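Open your viewer, load the model and keep the selection panel handy. We will go from one selection to the next and look at what is there.

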Amino acid sequence: MRIGRITVSDRASAGVYADRSGPEIETVLREHFPGAQFEAEVVPDEREMIAAALLHCTDDLKLDLVVTTGGTGISPRDVTPEATRAVMEKELPGFGE
């Protein structure tokens with residue numbers, strides 16, 4: 001299995017601090033998918049960059065699963081849900097939670 005993990009963080013993408021949530025997500029997923037290969041990306045909380053990272057993982061790399069982590073939380077600055085909806089073909093309500 002090939003899994004992509006995208007961390008959405010202005011500060012981690014700028015190198016202000018290390019991405020901690022992405023590696024932790026990978027650790028948890030390795031427990032459920034032993035032997036999985038991971039591709040990691042860290043992008044700022046910018047709609048176009050999040051959408052581009054999602055498309056890269058799905059269309060270019062053809063990964064089996066893509067997860068996102070990070071973001072600014074529920075605020076006007078958080079655009080991860082909108083960026084995700086902009087590139088998905090089918091939404092599965094409740095699946096992401």
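One definition before we start: contact means heavy atoms within 4.5 Å, and buried means under 20% relative accessible area. Keep in mind too that this is a predicted model.

**Stop one: helix 2.** Select residues 21-32, the 12 residues of helix 2. From first C-alpha to last, helix 2 reaches 17 Å, close to the 16 Å expected at 1.5 Å a residue. Now show the side chains of G22, E26 and L29, the buried residues of helix 2. They sit on the same side of helix 2, because they cover an arc of only 70 degrees around the axis. An α-helix has 3.6 residues a turn, so residues three or four places apart point the same way.

**Stop two: what lies over that side.** What covers the buried residues of helix 2? Among the elements that do so are strand 1 (2-8), strand 2 (37-43) and strand 3 (65-70).

**Stop four: G4.** Finish in strand 1 by picking G4. G4 counts as buried because its relative accessibility is 0%. Leaving aside neighbours within four places in sequence, G4 is in contact with E39, L63, L65, V66 and V67. Then draw a C-alpha to C-alpha distance from G4 to T68: they are 64 residues apart in sequence and 8.4 Å apart in space.

Conventions. Residues numbered from 1 in each chain as written. Predicted model: local features only at pLDDT ≥ 70, side-chain atom pairs only at ≥ 80, totals over all residues. Heavy atoms only, no water. Helix = DSSP H or I, 4+ residues; strand = E, 2+ residues; numbered from the N terminus. Expected span 1.5 Å × (residues − 1). Buried < 20%, exposed > 50% of the residue type's maximum accessible area, 1.4 Å probe, protein only. Arc of directions from axis to C-beta.
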